[in-house]
Amino acid sequence: MKTRFNILCALLAVAMIFGIAIDFATNRKAFSVSFNQGRESAAAFDSSAEGPMKVLDSKDMEWYYVNIVAKDYHIQTDSLYNHKTGRYEHAVLAEAAVRTDVKSDAEQKAYTLAGPICAITYIASIGYFWLMLIFCIIGVNRNEFFSEGLESRFARMGICLIIAYVAQWTLEIFGYFWTRSHISLENYDIVIDGPNCYFLCFGIGMIIVSELFKMARAYKEENEMTI
Amino acid sequence: MPIIVNVDVMLAKRKMSSGELADKVGITAANLSILKTGKAKAVRFSTLAALCKALDCQPGDILEYQPGEEDEDEQ
């Protein structure tokens, strides 16, 4: 039974690492452009065969990633070339990277401050979750199935996931309001793309498991004390 | 726990040791000790019947209710 438990915990670790790797791989372009290649991308676009645009080269120019939804799907505002059909197809964008020279203001300062705080909170929560999970695995392998420590660790793991979820949402909300106040795209509305609620569900689930263990321990103690 | 288990009194009356009683009842010495020290949460009727049979007494001779004592768990 312990072997199966350990294998399942290892699978959980693999699944989480896989999820993070997929997330990073999907967004790696966004990360690299944001951090390193802003100006180079703009310069390359200026000299591209598709026609250069007059892009201001300013230190304040930065890439901003926005989630958008078309105001009217029937209005053909964008098109993309489809190699399969050999023609330009009507397209509606869902996400855009906008390079603009929005100047720093109080709102951006608040966002700039919120970003690292939320990121640190998120990373600390996930790190503490993993630490508690490792302690749980060690405890179970030491036959401490019904100890108070195990049930409190489950509860803390659940709280960590909920805190991580709240940190993600806080960052999204800050970014959304700041973006909306500084960027407005024709034919598109800027929308908030909140994190999926798996963390919240899993966090509440862990707290439920902790309560179950607490009840099981109480019944076990009562059963042990029944002569 | 307001229920007091007076096994010691009956053991003394019957001049029996705890180990003997535990063997006759079919419980471990540890469980009998839990019973004697008042830490037990519940007693099965089968165990109570075996105790009465081994000690040749009635349940009322072993069990006593003292309403003044508060249950530690309820606190």
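Tutor: Start with helices (DSSP runs of H or I, at least four residues) and strands (runs of E, at least two), each numbered from the N terminus. In chain B, helix α2 covers residues 18–25. G26(B) follows α2(B), and its phi is positive, near 90°.

Student: What kind of model is this, and how is it numbered?

Tutor: This is a predicted model, in which local features need pLDDT of at least 70 and side-chain atom pairs count only at pLDDT 80 or more, while totals for chains, interfaces and linings use all residues. Residues are numbered from 1 along each chain as its sequence is written, chains are lettered from A and ligands numbered from 1 in the order in which they are written, and side-chain values use heavy atoms, with hydrogens and water left out.

Student: Which residues of α2(B) are buried?

Tutor: Buried means under 20% relative accessible area, exposed over 50%, partly exposed in between (1.4 Å probe, protein chains only). In α2(B), the buried residues are L21(B), A22(B) and V25(B). They lie on the same side of α2(B), because they cover an arc of only 100° around the axis. That arc is taken from the directions from the helix axis to the C-beta atoms. The face turned away from the buried side carries exposed D23(B) and K24(B).

Student: What covers the buried residues of α2(B)?

Tutor: Look for contacts (heavy atoms within 4.5 Å). The cover includes α1 (7–14), α3 (29–36) and α4 (45–55) of chain B.

Student: Now chain A. How many helices and strands does it have?

Tutor: Chain A has 5 helices and 5 strands. Along the sequence they run α-α-β-β-β-β-α-α-β-α. Of its 227 residues, 26% are buried.

Student: In helix α3 of chain A, is S125(A) buried or exposed?

Tutor: S125(A) is buried, with a relative accessible area of 6%. Leaving out residues up to four places away in sequence, S125(A) touches C160(A), I163(A) and A164(A).
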